Amino acid sequence: MSITIFVTQPNGAEEELSAEEGQTLLECAQAAGLDGFVGECGGNCACGTCHCYVEQAPQGSLLEASNEELQMLDFVAAPREDNSRLACQIRITEEMQGMRITMPDRQF
Ligand code: FES
């Protein structure tokens with residue numbers, strides 16, 4: 001079953017991503033060719049170029065960031081906000097249906 005996630009680009013354009021359960025948000029976004037999900041380290045929580053802002057997630061769907069992710073978020077290029085996350089660390093679940101993400105204006 002695919003899960004629809006709404007992604008807003010820095011220019012305000014909204015894209016609909018059909019994500020697959022069990023994959024990471026980064027994997028789904030890259031497979032769909034969405035802009036902004038660079039993922040230079042290949043999803044290993046080591047580069048910060050998959051930074052995104054989670055605007056709205058259905059309650060209980062999003063796990064807390066790990067310490068590793070929180071530390072990596074110190075190195076993202078765009079401002080870090082309370083809702084900053086790394087797309088490579090978000091594993092898609094059915095409960096994320098309708099989640100809303102905004103992309104930062106830069107990853108470097
Ligand atoms: S892809 Fe490098 S931190 Fe997510």
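**A colleague's note on the salt bridges and fold**

1. Please keep in mind throughout that the model is predicted. The partner of Asp-74 is Arg-80, and the closest N and O atoms of this salt bridge are 2.4 Å apart. Arg-80 itself is partly exposed, at 36% relative accessible area.

2. The structure holds four salt bridges, and another of them joins the side chains of Arg-100 and Glu-14, at 2.7 Å from N to O. Arg-100 belongs to strand β5 (residues 100–102) and Glu-14 to strand β2 (residues 14–20), so this pair ties together parts 86 residues apart in sequence. Both ends are partly exposed: Arg-100 has 30% relative accessibility, and Glu-14 has 46%.

3. Do look at Glu-69 and Arg-85 too, a salt bridge whose closest N and O atoms are 2.8 Å apart. Glu-69 sits in helix α2 (residues 67–72) and Arg-85 in strand β4 (residues 84–86), 16 residues apart. Here both residues are buried.

4. On the fold as a whole, the chain has two helices and five strands, in the order β-β-α-β-α-β-β from the N terminus. Its radius of gyration is 12 Å, close to the 13 Å the globule rule gives for 108 residues, so the chain is as compact as a globular protein of that length. Buried residues make up 43% of the 108.

5. Finally, a word on charge: there are 5 positive and 18 negative side chains, with the centres of the two sets 4 Å apart.

Methods: Residues are numbered from 1 along each chain as its sequence is written. This is a predicted model: local features need pLDDT of at least 70, side-chain atom pairs count only at pLDDT 80 or more; totals for chains, interfaces and linings use all residues. Side-chain values use heavy atoms; hydrogens and water are left out. Helices (H or I, at least four residues) and strands (E, at least two) are DSSP runs, numbered from the N terminus. The radius of gyration is taken over C-alpha atoms; the globule rule is 2.2 Å times the number of residues to the power 0.38. Buried means under 20% relative accessible area, exposed over 50%, partly exposed in between (1.4 Å probe, protein chains only). Lys and Arg count as positive and Asp and Glu as negative; His and the chain ends are not counted. The place of a charge is taken as NZ of Lys, CZ of Arg, CG of Asp or CD of Glu.
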